[in-house]
Amino acid sequence: MKKISLFFIAIALSLTACKQEKKESKTETATEVASTAKFVVKPEATSVKFTAYKTTDKVGVGGEFTSVEFEEQSGDTPEEALNNLNFSIPVSSLFTNDPTNTRDAKIKAAFFGAMLDTELISGTLKFVNGSAIATVKMNGETQNLPMDVTITDERRVTLTGVMNLADWKALGALESLNKVCFDLHKGADGVSKTWEDVAIEVNTFLREN
């Protein structure tokens, strides 16, 4: 009888050990998957929006570039995936959702058309000590654009900054735009004004590979 009891006890211990090994194996596998997951930034998941301002009341006029071009890259963190990202933005992709279908053409011709290198805005995004800086080339000038970074749900990234057109020597282009939009940029005071600061917002979703 003792032999039978010992036999069943041995079987029970063996089954318990097997179950424990399976649990540990599953835990190890899950840990491996978590540690190898990466953040991937893709152009099709990225948008570039801007807000320019008119009239002395500083009324915002929003728009976006519907195309942003860069090579897909990945990293172990969102910052690593976005760091040293080289990008280019075709000016032809500018879109302001103007119901008259005239504003986009004016901006492209009078503003960007008055610049050097009118086809592309290009640059590199870098992360330095937890802060983002976009080195932007426009109108033949390359300047740094500091950007604030917000990361939600670990994979949704928003970068915001304010571009002062004077830094890119684009005030002549701004004046050219204000001439063709003179009456449209008048406020209640009758003064026509186009502001030199432009708010920039970049949104992207970092996919998991």
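The model is predicted.

Helix α3 spans residues 103–111 and helix α4 residues 171–180. Their axes come within 8 Å and cross at roughly 140 degrees. Angles over 145 degrees would count as roughly antiparallel, and α3 and α4 are therefore oblique to each other. The crossing in which α3 passes α4 is right-handed. On the α3 side, the contact is made by K106, I107, A110 and F111; on the α4 side, A173, L174, S176, L177 and V180 take part. By residue class, this contact between α3 and α4 divides into 7 nonpolar residues, 1 polar and 1 charged.

Attention now turns to K108, which is also found in helix α3. Its relative accessibility is 30%, so K108 counts as partly exposed. When neighbours within four places in sequence are left aside, K108 is in contact with V91, S92, L94 and G113. For S92, a polar atom of the K108 side chain lies 3.1 Å from the backbone oxygen of S92. A further reference point is S93, 15 residues away from K108 along the chain; the C-alpha atoms of K108 and S93 are separated by 9.7 Å.

Taken together, helix α3 meets α4 through K106, I107, A110 and F111, while K108 of the α3 helix has V91, S92, L94 and G113 among its contacts.

Note on methods:
Residues numbered from 1 in each chain as written. Predicted model: local features only at pLDDT ≥ 70, side-chain atom pairs only at ≥ 80, totals over all residues. Heavy atoms only, no water. Axes fitted to C-alpha atoms, helices over the stretch in contact; angles between N-to-C directions. Helix = DSSP H or I, 4+ residues; strand = E, 2+ residues; numbered from the N terminus. Parallel < 35°, antiparallel > 145°, perpendicular 65-115°, else oblique. Left-handed = near helix turned anticlockwise from the far one by under 90°. Contact = heavy atoms within 4.5 Å. Nonpolar A, V, L, I, M, F, W, Y, C, P; charged D, E, K, R; others polar. Buried < 20%, exposed > 50% of the residue type's maximum accessible area, 1.4 Å probe, protein only. Polar contact = N/O pair within 3.5 Å; in protein donor to acceptor, adjacent residues only side chain to side chain.
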